Amino acid sequence: MTEVLQDIPFLATDRVEALLDIERHLITAQSTIERWFRGQWQRTPPPFYASVDLRNAGFKLAPVDTNLFSAGFNNLNPEFSPLYVSAIQHYLNQYHPGLERVLLIPENHTRNLFYLENVARLRELLELSGLEVRVGSLILDDRMAYNLPSGNLLLLEPLQRIGGRLTTAGFDAQLILLNNDLSGGVPEILEHLEQPVLPPLAAGWRNRRKSQHFAHYRAVAQELAEVIDIDPWLIDPVFRRCQGIDFMRSEGRECLVANVDAVLEITRERYAHYGIRQRPFVIVKADAGTYGMGIMTAYSGEEFLDLNRRERTRMAKSKEGLPVSDVFIQEGVYTFEQTAQEAVAEPVVYMIGQQVLGGFYRVHTERGRDENLNAPGAHFEPMAFGQTCVVPYRKSPPDAPVNRYYAYGVIARLALVAATREMADWRLQECRRQVNEHA
């Protein structure tokens, strides 16, 4: 088992006081914040699960990615399994009462043992919650059992479609839970099922866009910022989008150059306003997709005028070899958190429904404070959550673990609210599509 950090990584920056101000503000406004969140969940229910990558620059604490197909349950602190099970039960009681049988569908990369450990752990938590669970594969023709390094045994079974229902060897599931982000599109076997599917098929990365998510996030960050009286930029990264990009043919460079420079200019103004001496940068990545592929750090738009072939090749493809044509340009948020061994780290927060479970630190010994850490060579350190992240302790310093984790949880739940609004948009679009089909 991975050794649990006894303390959160420290902030190696001279801007610690700025973060303490944000944390003090969140702690003081805790009652108002929790009331605001409660109102959001009453209007729009949250997804079953989600994880949010955060970056802590000392002067800014913001999300940089939100994943609706969380794939790191094996990296959570196992000591707090009762909390995870309780969150699953709470979600099921609220949104799927009477549910007994679940069919879990993972990604297709069956050789990735780390990922399969995640599937095994997720299945275990679902079973501990009182569910009967089978794991169905989109690609296997026969059963396959995996003896994992943790000692867990994971059985994958081929999926079968009988009418409008999905099954494995006669297992009549009442709900389909996807742990496959559908980057390659929606397989025909999953379309028009009688059983409910979580997350909805529209949440797959073939359809979903980071720019849409962060547009919703910008709105919710502004709403909360008005309620608690802070500058929304402190929790919201600036972004732009470019379409019709062809990195291999160097097409669309003008859009990239202009929008990279636009994001940098806004960031410089905010840095000057707060007296921040760091150099602004941007992260450029595919607008659709995950797994940390096709990501580049840039300090000026001109850098995209002279990309070498290796850089263009790396940016031109995303997961499953899909070509990148829509590009997301996001204000770079430094990570000034680092371990005692001086490796840079970033928190990843996991949620079931609206409940914050905890999370882990993604740590990389070969990456810098301005780089993507979701890359080969990263390892994970469970956060030492001793309690839920919705109750700060006002008598402790703002940077005490319980209070720092509360701040993480607030920002992660903001991203979750944005995701619920995305899902509401998808439902509306589906209703309109069905109306048009029957018009």
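**Sheet and strand β16**

I started with β16, which has both faces covered: Val327, Ile329 and Glu331 on one side and Phe328 and Gln330 on the other are all buried. Buried here means under 20% relative accessible area, exposed means over 50%, and partly exposed is in between (1.4 Å probe, protein chains only). Five of the five residues of β16 are buried, so the rest of the structure largely encloses this strand.

Before going on, I noted the ground rules. This is a predicted model, where local features need pLDDT of at least 70 and side-chain atom pairs count only at pLDDT 80 or more, while totals for chains, interfaces and linings use all residues. Residues are numbered from 1 along each chain as its sequence is written, and side-chain values use heavy atoms, with hydrogens and water left out.

Next I asked which sheet β16 belongs to. Four strands form an open sheet in the order β13-β16-β14-β15, with antiparallel pairing. The edge strands are β13 (239–242) and β15 (295–298), each of which pairs on one side only. On average, neighbouring strands of this sheet are turned by 20 degrees against each other, direction ignored. For the terms: two strands pair if DSSP finds at least two bridges between them. Helices (H or I, at least four residues) and strands (E, at least two) are DSSP runs, numbered from the N terminus.

Then I went through the partners of β16. β13 pairs with β16 (residues 327–331) in the antiparallel sense over four bridges. Cys242 stands opposite Val327, and Arg241 stands opposite Phe328. On β14, five bridges make the antiparallel link to β16, and Ile283 has Gln330 as its bridge partner there.

**Helices on the sheet**

Which helices pack on this sheet, touching β13, β14 and β16? Helix α5 (residues 210–228) does, and its direction makes about 155 degrees with that of β13. Helix α6 (residues 253–274) does too, at about 175 degrees to β13. Contact means heavy atoms within 4.5 Å. Axes are lines fitted to C-alpha atoms, for helices over the stretch in contact, and angles run from 0 to 180 degrees between N-to-C directions.

At 1.5 Å a residue its 22 residues should span 32 Å, and the end C-alpha atoms are 32 Å apart, which agrees. The expected span is 1.5 Å times one less than the number of residues.

The buried residues of α6 are Leu256, Val257, Asn259, Val260, Val263, Leu264, Thr267, Arg270 and Tyr271. They pack against β13, β14 and β16. A reminder to myself: an α-helix has 3.6 residues a turn, so residues three or four places apart point the same way. After α6 comes Gly275, with a positive phi near 70 degrees.

What does α5 meet in α2? Val220, Glu223, Leu224, Val227 and Ile228 of α5 meet Thr32, Ile33, Trp36 and Gln40 of α2. The axes of α2 (residues 30–43) and α5 come within 10 Å and cross at roughly 145 degrees.

**Salt bridges**

How many salt bridges are there in the whole structure? The search finds 23, counting a side-chain nitrogen of Lys or Arg within 4 Å of a carboxyl oxygen of Asp or Glu.

Asp53 and Arg362 meet through their side chains (3.2 Å, N to O). This pair links distant parts of the chain, with Asp53 in β2 (residues 49–56) and Arg362 in β19 (residues 355–364), 309 residues apart. Asp53 and Arg362 are both buried.

Glu194 and Arg165 form a salt bridge at 3.5 Å, N to O. Glu194 lies in the loop between β11 (175–179) and β12 (197–198) and Arg165 in β9 (residues 165–168), so the pair ties together parts 29 residues apart in sequence. Glu194 is exposed, at 55% relative accessible area, whereas Arg165 is partly exposed at 27%.

Arg218 forms a salt bridge with Asp236, the closest N and O atoms being 3.4 Å apart. Arg218 sits in α5 and Asp236 in the loop between α5 and β13, 18 residues apart. Arg218 is partly exposed at 24% relative accessibility, and Asp236 is buried at 6%.

Last entry: salt bridges that share partners join Asp53, Arg55, Glu346 and Arg362 into one network.
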